[in-house]
Amino acid sequence: MPTATQAGDRTRRVRELASALCRSFEEHIRQVVSPFDLTPTQAATLRELDTELTQREVATRLRCEPSNVTFVIDKLEERGLLSRRSHPTDRRAKLLVLTGQGQQVRSELLAAFAANEPLAHLSPEELGKLESALEAALPRR
């Protein structure tokens with residue numbers, strides 16, 4: 001049975017590895033979005049627009065408040081990547097729809113994200129083990 005010191009050292013090492021992996025993901029995101037002249041949040045918004053969504057639905061997917069994505073959506077609309085349309089059943093809501101240019105940028109962006117993805121070197125079995133370990137480590141909701 002490990003001692004408290006050994007367990008603490010191991011926990012510290014896991015934290016260091018998790019932080020290093022997060023930094024790797026963040027760097028990958030920055031490298032991918034830079035040539036598109038997008039912010040990470042703008043890119044995440046485009047990624048989520050695989051179908052028509054309301055601003056509230058985008059905010060939910062991004063785990064933020066709808067008011068926080070207004071600026072992002074405004075910028076994407078100014079660039080001609082998306083448009084707002086009236087919602088067919090809710091007068092108060094607008095649907096966000098990718099334009100043809102937005103669909104093209106989204107497609108290129110997704111391909112760029114997949115290229116050299118930080119976990120691409122893992123086998124499906126290793127990726128499954130990592131996924132299981134991370135799920136077990138997260139607090140239960």
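Q: What radius of gyration does the protein have, and what would a compact globule of 141 residues have?
A: The radius of gyration is taken over C-alpha atoms, and the globule rule is 2.2 Å times the number of residues to the power 0.38. The protein has 19 Å, while a compact globule of 141 residues would come near 14 Å. Along the principal axes, the C-alpha atoms fill a box of roughly 65 × 35 × 25 Å. This is a predicted model, in which local features need pLDDT of at least 70, side-chain atom pairs count only at pLDDT 80 or more, and totals for chains, interfaces and linings use all residues. Residues are numbered from 1 along each chain as its sequence is written, and side-chain values use heavy atoms, without hydrogens and water.

Q: How many helices and strands are there?
A: Helices (H or I, at least four residues) and strands (E, at least two) are DSSP runs, numbered from the N terminus. The protein has six helices and three strands, in the order α-α-β-α-α-β-β-α-α.

Q: What share of the residues is buried?
A: Buried means under 20% relative accessible area with a 1.4 Å probe, counting protein chains only. Here 26% of the 141 residues are buried.

Q: Which residues lie nearest the centre of the largest pocket?
A: Rolling a probe the size of a water molecule over the atoms shows where empty space is left. On a 1 Å grid over the protein atoms alone, a pocket is an open set of points where a 1.4 Å probe fits, with protein on both sides within 12 Å along at least five of seven lines; lining residues have an atom within 4 Å of a point. Of 13 lining residues, Leu-17, Ala-18, Leu-21, Leu-130 and Leu-134 lie nearest the centre of the largest pocket. Helix α1 (4–33) and helix α6 (124–137) each supply at least two lining residues, and the largest share, five residues, comes from α1.

Terms used:
Buried means under 20% relative accessible area, exposed over 50%, partly exposed in between (1.4 Å probe, protein chains only).
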